[in-house]
Amino acid sequence: MRNSRTGNMFKETNVVRKQTFADMLESDPNDQQEFSFGFTKTPESSPANHDWLPPPMTWENNSPYNASWDQSSPFSTASSSQTSAFPTPSRDQYSSSPLSKSPWSSHAAPPLNESYSYTGLIGSLVREEGHIYSLSASGDMLYTGSDSKNIRVWKNQKEFSGFKSNSGLVKAIIIAGGRIFTGHQDGKIRVWKVSGKNPNIHKRIGTLPTVKAYIKSSFNPKNYVEIRRNRNAVWIKHFDAISSLSLSDDKTLLYSASWDRTFKVWRVSDFKCLESIKAHDDAVNSIIAGFDGLVFTGSADGTVKVWRRESQGKGRTKHFFSQTLLKQECAITALVVDPSAIFLYSGSSDGLVNFWERNKFLSHGGILRGHKLAVLCLATAGNLVFSGSADANICVWKRDQESDHICLSVLIGHGGPVKCLAVEDKGASAGGNSQYIVYSGSLDKSVKIWRVTGQVDAAVEPQQHCQMEVFSSDNGES
């Protein structure tokens with residue numbers, strides 16, 4: 001099909017081929033309807049207009065000097081008569097919005113002086129197909145996952161391509177070595193690769209666990225574990241939603257955390273499940289492969305645990321429990337390790353961010369207080385920490401050489417909880433300021449793009465409602 005107003009050809013390419021029996025053992029029969037789709041440029045003279053096609057994407061200018069960002073967003077207000085916490089307004093509620101003409105909405109700030117330390121919103125991407133639960137950035141590409149089962153691929157703030165899986169909502173996305181790993185509501189991990197012939201096409205190259213491995217394991221009674229009273233399942237498969245994915249430093253091992261209270265270890269080279277560890281007493285919400293062979297997990301049971309990876313010879317490894325860093329009533333919702341591999345941060349449902357320092361034998365460094373509701377996601381870049389919350393805000397924290405943190409700014413613009421974050425380091429500007437591009441996905445169904453600088457503007461005071469607590473003794477007294 002073609003939109004003759006823009007010359008954009010919408011092309012659906014089915015990547016499913018006729019399978020042999022061996023192929024079927026390696027694949028998931030529930031995924032046979034997966035396909036990839038993309039946008040390609042074609043001459044303006046090709047076929048005639050179709051009235052049912054939407055008009056082209058509309059761009060809006062958004063001045064960086066405007067104090068209230070993205071006020072034209074249809075998600076910034078909601079009718080009091082609607083019962084949903086984050087309802088989608090009707091068309092007549094925002095007839096002046098570009099959404100009244102097209103399912104796309106995007107805008108970009110005008111070019112900025114390289115030496116100007118601007119922090120704020122520079123663009124939005126909206127696709128009316130569901131809440132955004134996951135995203136991952138790699139170079140100029142951005143991958144977003146939602147409850148529509150689609151993984152959208154954006155390039156330079158425009159949709160580039162996408163792929164779909166019959167798997168429920170997409171809970172986690174990570175990118176490594178030309179492969180895209182996606183974790184899903186159905187407890188499976190899918191592995192994708194960009195086609196060598198057409199960068200618009202993404203092919204599924206594997207599902208974890210493979211059907212072959214699952215069938216082989218099911219024949220051995222020793223491979224069954226009790227998941228509920230009077231119910232057993234094969235240990236190599238998650239029986240609840242996957243909540244988080246992480247890769248080891250050498251990219252040889254993939255870690256998956258699940259609401260089934262376990263995390264599993266997969267060998268990337270052949271997709272084999274090496275271990276399944278009953279890690280917590282409640283859902284595991286986050287996992288991160290950290291430093292010194294350590295793996296960190298955070299759970300709804302209120303604990304942050306440390307697991308130690310040890311070599312067992314012949315290329316085998318095994319993970320052992322090391323210690324519990326935190327135990328509290330509120331659920332742990334997010335974990336992240338900074339790029340220098342020195343600090344570990346955790347977010348929790350009470351709106352707090354705790355951190356620990358590697359150089360001090362993982363001693364507790366303090367608490368960052370900046371949110372009124374639960375912290376749902378964390379990201380780091382350079383000496384900055386970003387926390388996204390159910391209060392719809394993003395706090396930007398800066399860490400100094402003494403491990404003290406100040407809140408540089410609060411990014412305001414979403415109309416719903418901020419569920420996921422990704423950060424790109426853009427290097428230093430002509431003025432010497434560190435610059436970052438931050439992507440935030442929200443339950444308001446939008447992805448927002450922010451520019452953040454790592455310097456405090458002399459004219460702007462640090463946010464007074466954000467603060468850091470430092471503990472001076474092991475018993476938690478501040």
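## A tour from cavity to rings

The second largest cavity has a volume of about 50 Å³, the space filled by probe spheres set on grid points joined across faces, edges and corners. A cavity here is a set of points on a 1 Å grid over the protein atoms alone where a 1.4 Å probe fits but cannot get out. Before you click on: this is a predicted model, where local features need pLDDT of at least 70, side-chain atom pairs count only at pLDDT 80 or more, and totals for linings use all residues. Residues are numbered from 1 along each chain, and side-chain values use heavy atoms, leaving out hydrogens and water.

Select the lining, meaning residues with an atom within 4 Å of a point: Leu-125, Val-126, Arg-127, Glu-129, Ile-132, Thr-144, Ser-146, Arg-152, Trp-154, Lys-445 and Val-447. Now color β6 (120-127), β8 (141-146) and β9 (150-155), the elements that each give two or more residues to this lining; strands are DSSP runs of E, at least two residues, numbered from the N terminus. The largest share, three residues, comes from β6.

Next, pick Tyr-345 and Phe-355. Their rings make a tilted aromatic pair, 5.8 Å centre to centre with 35° between the planes (centres within 6.5 Å; under 30 degrees is stacked, over 60 edge-to-face, the rest tilted). Tyr-345 lies in β26 (residues 343-348) and Phe-355 in β27 (residues 352-357), so the pair ties together parts 10 residues apart in sequence. Both Tyr-345 and Phe-355 are buried (under 20% relative accessible area, 1.4 Å probe, protein chains only).

Last stop: select Tyr-255, Phe-263, Trp-307 and Phe-321 to see one aromatic cluster.

How values were computed
1 Å grid on protein atoms, 1.4 Å probe; cavity = no way out; pocket = protein on both sides within 12 Å on 5 of 7 lines; lining within 4 Å. Helix = DSSP H or I, 4+ residues; strand = E, 2+ residues; numbered from the N terminus. Phe/Tyr/Trp six-rings, centres within 6.5 Å; stacked < 30°, edge-to-face > 60°. Buried < 20%, exposed > 50% of the residue type's maximum accessible area, 1.4 Å probe, protein only.
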